[in-house]
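Student: I want to learn how to read aromatic contacts in a model. Where do we start?

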Amino acid sequence: MNEVLFEKTKKEIIESVTIAGKKYELHEGYDLCFDGGVIVKITPKEEIVEYYKEKGYEWDFRYCDDEEKECSVEDFGVQFDIRDGRGGYSVQLDKFGNALIEF
């Protein structure tokens, strides 16, 4: 018997996030850096912090417009996974909507 079966995960999927009054939605176009693309995953701060602890990575996010200035864990906002024509990349924003880079 040929069937197509789908399984749903028990994990909740974040569909949108609002940062500094701007709403970002899953599967929405994103064009604030690089070549743009589509948001395919929204990851909250807590999951990023947990990942870094599990892997033993040092927390080192800095501001794109001032690489000397570090972003604290408290000020970190969200990470977006972006899919574009070349594959994809991640974007991090602080809780005020400022772009971050990972060092």
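Tutor: With the ring pairs. This is a predicted model, and the structure holds 11 aromatic pairs.

Student: What is the geometry of the pair Tyr51 and Tyr52?

Tutor: Check the angle between planes: over 60 degrees counts as edge-to-face. The planes of Tyr51 and Tyr52 stand at 75 degrees, so this pair is edge-to-face. Their ring centres are 6.2 Å apart.

Student: And how do the rings of Tyr51 and Tyr57 pair?

Tutor: Edge-to-face, because their planes are at 65 degrees. The centres lie 5.9 Å apart.

Student: Is Tyr52 buried or exposed?

Tutor: Buried means under 20% relative accessible area. Tyr52 has 7% relative accessibility, so it counts as buried. Tyr51, at 40%, counts as partly exposed. Tyr57 is also partly exposed, with a relative accessibility of 45%.

Student: Which residues do ring pairs link into a cluster with Tyr51?

Tutor: Tyr52, Tyr57, Trp59, Phe61 and Phe76 join Tyr51 in that cluster.

Student: Now charges over rings. Which ring face does Lys22 lie over?

Tutor: Look at two things: the distance to the ring centre and the angle to the ring normal. Lys22 lies over the face of Tyr24, 5.0 Å from the ring centre.

Student: Where does Arg62 lie?

Tutor: Over the face of Phe103. The distance from the ring centre is 4.8 Å.

Methods: Residues are numbered from 1 along each chain as its sequence is written. This is a predicted model: local features need pLDDT of at least 70, side-chain atom pairs count only at pLDDT 80 or more; totals for chains, interfaces and linings use all residues. Side-chain values use heavy atoms; hydrogens and water are left out. Rings of Phe, Tyr and Trp (its six-membered ring) pair if their centres lie within 6.5 Å; planes under 30 degrees apart count as stacked, over 60 as edge-to-face and the rest as tilted. Buried means under 20% relative accessible area, exposed over 50%, partly exposed in between (1.4 Å probe, protein chains only). A charge sits over a ring if NZ of Lys or CZ of Arg is within 6 Å of the ring centre and within 35 degrees of the ring normal.
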